[in-house]
Amino acid sequence: ENVGRVAECLKREHIEDLRMFTMWFSRMFPFKESELGIDIPEKGGSSQMLAETAEKLTQKWLREGIEQGELNEKHEVLIRQLDLKYGLTEDEKDRIRDVQSPGLLDSALDTVIISDDKQDLLALLG
């Protein structure tokens with residue numbers, strides 16, 4: 001809903017205001033165009049193009065935020081389970097938090113139930 005409101009506002013703005021917004025936006029949220037998978041309009045782009053781009057960028061960041069939140073949740077659940085079962089040092093907790101593969105974390109979460117040794121499980125994480 002908020003993204004739609006911003007897009008509607010951008011459609012009504014003057015091109016100079018849109019350029020200033022684009023400069024602010026790119027400073028607040030640094031990115032590489034190649035990482036986005038969307039086309040960034042040129043300076044002279046229409047307000048409609050800029051509004052659409054702002055909406056796409058916002059949606060992409062929302063998705064990435066959700067994915068990062070899910071990853072963090074897996075980290076914390078695994079840490080809690082291992083800490084309850086074996087006890088963990090702060091270094092071991094940090095090691096788990098460094099894992100960026102959701103699939104690997106899922107495998108470790110499944111393995112906690114049948115594991116007899118935390119070192120084997122930590123080795124699974126790399």
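Analyst: Buried means under 20% relative accessible area, exposed over 50%, and partly exposed in between (1.4 Å probe, protein chains only). The model is predicted: local features need pLDDT of at least 70, side-chain atom pairs count only at pLDDT 80 or more, and totals for chains, interfaces and linings use all residues. Residues are numbered from 1 along each chain as its sequence is written, and side-chain values use heavy atoms, with hydrogens and water left out.

The part is α6, residues 102-114. Helices are DSSP runs (H or I, at least four residues), and strands are E runs of at least two, numbered from the N terminus. The protein has seven helices and zero strands.

In α6, Leu105, Ala108, Leu109 and Val112 are buried. Seen down the axis of α6, these buried residues fall within an arc of 105°, so they line one face of the helix. The arc is taken from the directions from the helix axis to the C-beta atoms. An α-helix has 3.6 residues a turn, so residues three or four places apart point the same way. Asp110, Ile113 and Ile114 are exposed on the other side of α6.

Now the core. A nonpolar core is a set of buried Ala, Val, Leu, Ile, Met, Phe, Trp, Tyr and Cys residues joined through side-chain atoms within 4.5 Å. The largest one has 14 residues, and Leu105 is among those that touch the most other members, as are Leu78, Leu82, Ile96, Leu121 and Leu125. α4 (47-85), α6 and α7 (118-124) each supply at least two residues of this core. Leu105 is also one of the residues that Ile96 touches, not counting residues up to four places away in sequence. Contact means heavy atoms within 4.5 Å.
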